[in-house]
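Here are a few notes to go with your first look at this one. Have the structure open while you read.

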Amino acid sequence: MSVKKVTKSDIVDRVHENTKLEKKVLQEAFEGFIEEFKNALKDGATIELRGFGTLEPRLRKGREKARNPKTGELLSVEPHYVAAFRAGQELKKALMEIPVEKK
């Protein structure tokens, strides 16, 4: 499978082609959707999208000794939250159907 990137703009374009809704309206709706995701995660909520997956804030432990991989500099890292994603059953099944390229 070749590595592809899909941007917000690409998604808006695809939805526009499929629905013929105005691009500006789609863009605003999509931005609002993402903003609500961020707000919910900031508030500690779990976001469950049936058939797609679950996003949740997860606490990462801090470390006294960590290393900056770019510079090699030693530093400490405070405990912090990250967004963790768990794929839902339908997404897992869809991904299992992607053919594997043999080298």
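Predicted model: local features only at pLDDT ≥ 70, side-chain atom pairs only at ≥ 80, totals over all residues.

1. Reading from the N terminus, the order of elements is α-α-β-β-β-β-β-α. The radius of gyration is 19 Å, well over the 13 Å from the globule rule for 103 residues, so the protein is more spread out than a compact globule. The C-alpha trace spans about 55 × 45 × 30 Å along its principal axes.

2. How much of the protein is buried? Buried residues account for 13% of the 103 residues.

3. Now look at helix α2, residues 23-42, which reaches 28 Å from its first C-alpha to its last. Its buried residues are Leu-26, Phe-37 and Leu-41. Seen down the helix axis, they fall within an arc of 45°, so they line one face of α2. That set packs against α1, β1, β2 and β5. Over on the other side, Lys-24, Glu-28, Glu-36 and Lys-42 are exposed. Just after α2 comes Gly-44, with a positive phi of about 85°.

4. Last stop: Thr-54, in strand β2 (residues 53-60). Is Thr-54 buried or exposed? Its relative accessible area is 12%, so Thr-54 is buried, the cut-off being under 20%. Beyond its neighbours within four places in sequence, Thr-54 is in contact with Thr-46, Ile-47, Glu-48, Ala-84, Phe-85 and Arg-86.

Conventions:
Residues numbered from 1 in each chain as written. Heavy atoms only, no water. Helix = DSSP H or I, 4+ residues; strand = E, 2+ residues; numbered from the N terminus. Buried < 20%, exposed > 50% of the residue type's maximum accessible area, 1.4 Å probe, protein only. Contact = heavy atoms within 4.5 Å. Expected span 1.5 Å × (residues − 1). Arc of directions from axis to C-beta. Rg over C-alpha atoms; globule rule 2.2 N^0.38 Å.
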